[in-house]
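Student: Could we go through the salt bridges of this model together?

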Amino acid sequence: MGPDTEYTETQRMIASFVDMLAKKYGRSYIRDLVAAGKTFPDEMWKEVAEGGYLGMIIPEEFGGTAMSYDDVRVFFTEMGRKGIITLHFVSHYMDCLLVGAGNQAMKEKYLPGMGAGEYWSFAITEPSAGTNSFRIRTNAVREGENYRINGQKVYITGFAESKHVVLVTKTDIEGVGPRKSAFSLFVVDRDAPGITCTPMNVGTHLPDRQYIVFFEDVLVPADNRIGDEGAGLGILFDALNLERIVIAALALGLGEHVLAKGVEYAKERTVFNGPIGGHQAVQHLLARAFVKLKLANLANREAAVAFDRGDDAGVVGMYANMAKLACTEAAFEAGDAAFQVHGGAGITDEYDIAAILPLIRTLRVAPINNE
């Protein structure tokens with residue numbers, strides 16, 4: 001469907017970079033990684049880092065490129081449009097919460113490596129908590145200059161492939177203070193003693209892996225705490241706004257990617273006296289999907305721009321959640337329309353619809369469900 005006409009000069013450069021990237025690491029690259037059982041897109045990740053796109057919201061003083069949140073939105077929309085997706089990007093941008101919440105020493109220590117392509121994972125989800133973060137049981141107990149951490153996390157993207165993990169824990173274990181002040185964030189080394197993980201068996205066609213992670217008496221220096229003790233939820237909610245925008249952009253781009261396939265097939269496929277795209281039943285199906293994608297894109301752009309303007313966090317959160325809902329729902333409808341237009345051909349590998357549709361469907365429930 002092509003770059004949007006409202007793109008700035010910087011955003012047109014972003015679109016050009018992704019177009020170049022897709023010529024080397026497009027859908028065929030992603031499909032080959034999945035077929036080979038690869039769990040990380042090393043070559044593509046390196047090139048994205050070298051282009052400065054893993055440091056878009058990292059300040060220049062720490063080796064980043066200091067772009068806007070709206071530029072981040074454009075980057076991921078364009079990646080989705082090319083069918084290039086891995087959930088590693090979501091983890092990476094969640095961990096950029098260090099930009100806003102980390103102290104100077106942490107920023108100097110970690111941000112240059114992050115922008116240069118050092119992969120981090122993010123751990124919040126637990127089997128007994130789901131999307132209710134207040135039920136998190138993983139805990140961190142202060143012992144002098146360290147915290148002792150125990151607990152379990154699930155659906156942790158790329159944990160075994162990461163160097164560090166940003167971990168969400170409960171520090172007010174007894175619940176003596178306000179519920180919103182019970183949580184803290186830590187940077188934890190992936191290979192710290194007491195950490196074990198096991199891969200989960202999931203059915204998505206992605207070059208990444210989900211893990212169950214166990215923390216058993218893991219000692220973490222107090223200096224690795226992000227922000228004050230008990231400030232974790234406030235820090236987290238700001239980062240979750242960016243996560244919503246990233247997910248929305250990826251979903252939207254994927255929806256446009258598959259819808260373009262549907263349009264092309266409708267032009268070429270002849271069953272009776274002409275192409276099936278000549279029938280209004282097909283035209284209306286595709287046109288409605290197109291309109292809903294465009295409307296959803298406007299919602300996500302407004303969320304990103306509100307973030308850039310520094311609007312109230314509640315307003316940004318409202319827009320970001322609206323955008324995530326709108327984009328993932330519109331993308332799934334577009335994917336379903338493309339599948340319907342392809343008919344039986346939609347299940348074949350040749351047209352690459354059946355592999356993408358479950359990915360879009362997954363984004364309606366992960367990393368946050370649309371309910």
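The conversation below concerns salt bridges and the exposure of their partners.

Tutor: This is a predicted model, in which local features need pLDDT of at least 70, side-chain atom pairs count only at pLDDT 80 or more, and totals for chains, interfaces and linings use all residues. Residues are numbered from 1 along each chain as its sequence is written, and side-chain values use heavy atoms, with hydrogens and water left out.

Student: How many salt bridges does the count come to?

Tutor: The count is 18 salt bridges, a salt bridge being a side-chain nitrogen of Lys or Arg within 4 Å of a carboxyl oxygen of Asp or Glu.

Student: What separates D19 and K23 in helix α1?

Tutor: They are 4 residues apart in helix α1 (residues 9-25), about one helical turn; helices are DSSP runs of H or I with at least four residues, numbered from the N terminus.

Student: Is K23 buried or exposed?

Tutor: K23 is exposed, at 63% relative accessible area, whereas D19 is partly exposed at 30%. Buried means under 20% relative accessible area, exposed over 50%, and partly exposed in between (1.4 Å probe, protein chains only).

Student: Now R31: which residue does its side chain meet in a salt bridge?

Tutor: R31 pairs with D352 at 2.6 Å, N to O. R31 lies in helix α2 (residues 27-35) and D352 in the loop between α10 (313-342) and α11 (357-362), so the pair ties together parts 321 residues apart in sequence.

Student: And is D352 buried or exposed?

Tutor: D352 is buried, with 6% relative accessibility, while R31 is partly exposed at 29%.

Conventions
Helices (H or I, at least four residues) and strands (E, at least two) are DSSP runs, numbered from the N terminus.
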